[in-house]
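Here's a quick briefing to read alongside the model. Have the viewer open and hop between the topics as you like.

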Amino acid sequence: MAFQRNCELNVSTKGGDTVKISDLRIDFDIERGYAPEENRALIRIYNLTKETSAAITEADGHALLRAGYKDESTGAIFSGDILRGWREWVGNDYVTVIEAYDGRTSVMGGQVSLSYAPGTDALTVAQALLGAVGLPYKGTDLIPGGQYAHGYCYIGMGTDGLEELLARYGLIYTVQDETLYIMQPGAAAEDTGLTLKEGGALLSLPQPVSDKTDTDDIGADAPNRWAFGAKLNPQLVPGASVSVEASTFKGGLVIKTARSTGSNMDGDFRVDIEAESV
């Protein structure tokens, strides 16, 4: 199906121009996890002009990469802020490389100074912190109606304040595709409704993974994790839930990490996943 692949890169440059690329070779390697610093994309474009390469590799631009199949659907598989870029000679080609991070500007910025009177509810504080971050968000309904009996005062990054507030109620957040999701650890942020089947969307059978790197409790059992490969799909991101039907595993999974790799010309066009049983 390589000839049916479709990749389209749109870059909003620091200078305010928009560059659209779809007729050249585009390779991508996108790593995703729960932490914002984990959500990185390396995008390579072959044989751009020197001028266009210089424009899109300047830091502080914005990259939107869409990929899929021309006879099915094409969706956004990465959207983020350009941290750095360069141009290099590889074999017989000039290759432009962009390194970008999902929501980096909002997560690293968003300074805020807040002061609330005693009795202020947690949701009011959370909404102020989210406003400072500036990303679209979901999941505020999970924040209970608790109050700050002695008031609330905070100066710093909006995301740091939000992390502290959520931890108070056993919640966490993740940023995926420039949307901030508030969630319970181990639970899904979004239900994709997808069923990945052996012989269909699954490219490799789920295999068990024993991993306690995210567990502080020495006596706790390792999470029930599974690793597998699937056809490229924009919905397969950390926090998303899917159903799997395979000879090695049947049931629901919540994605913990996802690595999407591919090219619009040949080779891989897939996402490799680690997910936890629910």
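**Briefing: strands, loops and cavities**

Lysine 138 sits across from tyrosine 181, a residue of strand 14. Keep in mind that this is a predicted model.

- Strand 10 and strand 14 (residues 179-183) run parallel and are joined by 2 bridges.
- They belong to an open sheet of 3 strands, ordered 10-14-13, in which the pairing is mixed.
- Which strands stand at the edges? Strand 10 (137-138) and strand 13 (172-176) do; each has a single partner strand, so one side of each has no neighbour in the sheet.

- Strand 1 (residues 5-12) and strand 2 run antiparallel, with 4 bridges joining them.

**The chain as a whole**

- The chain has 4 helices and 20 strands.
- Its radius of gyration is 21 Å, close to the 19 Å that the globule rule gives for 278 residues, so the chain is as compact as a globular protein of that length.
- Taken along the principal axes, the C-alpha atoms fill a box of roughly 65 × 50 × 35 Å.
- Buried residues make up 45% of the 278 in the chain.
- If you count contacts between residues at least 6 apart in sequence, 61% of them join residues at least 24 apart.

**Two loop residues with positive phi**

- Asparagine 47 isn't a glycine, yet its phi is positive, near 60°.
- You'll find asparagine 47 in the loop between strand 4 (40-46) and helix 1 (50-56), and its relative accessible area of 39% makes it partly exposed.
- Aspartate 60 isn't a glycine either, and has a positive phi of about 85°.
- Aspartate 60 lies in the loop between helix 1 and strand 5 (62-69).
- Is aspartate 60 buried or exposed? Exposed, because its relative accessibility is 59% and the cut-off for that label is over 50%.

**Cavities**

- How many cavities of 30 Å³ or more does the structure hold? There are 2.
- The largest cavity comes out at about 50 Å³ in volume.
- Its lining is made up of Arg32, Ile77, Leu232, Asn233, Pro234, Leu236, Val237 and Ser260, which divide into 5 nonpolar, 2 polar and 1 charged.
- The second largest cavity has about 40 Å³ of space.
- Aspartate 60 turns up again here: Asp60, Asp81, Ile82, Leu83, Arg104 and Thr105 line the second largest cavity.
- That lining divides into 2 nonpolar, 1 polar and 3 charged residues.
- Strand 6 (74-90) and helix 2 (104-108) each give at least two residues to the lining of the second largest cavity, and strand 6 has the largest share, with 3 residues.

Methods: Residues are numbered from 1 along each chain as its sequence is written. This is a predicted model: local features need pLDDT of at least 70, side-chain atom pairs count only at pLDDT 80 or more; totals for chains, interfaces and linings use all residues. Side-chain values use heavy atoms; hydrogens and water are left out. On a 1 Å grid over the protein atoms alone, a cavity is a set of points where a 1.4 Å probe fits but cannot get out, and a pocket is an open set with protein on both sides within 12 Å along at least five of seven lines; lining residues have an atom within 4 Å of a point. Grid points are joined across faces, edges and corners, and a volume is the space filled by probe spheres set on the points. Ala, Val, Leu, Ile, Met, Phe, Trp, Tyr, Cys and Pro count as nonpolar, Asp, Glu, Lys and Arg as charged, and the others, Gly among them, as polar. Two strands pair if DSSP finds at least two bridges between them. The radius of gyration is taken over C-alpha atoms; the globule rule is 2.2 Å times the number of residues to the power 0.38. Buried means under 20% relative accessible area, exposed over 50%, partly exposed in between (1.4 Å probe, protein chains only). Contact means heavy atoms within 4.5 Å.
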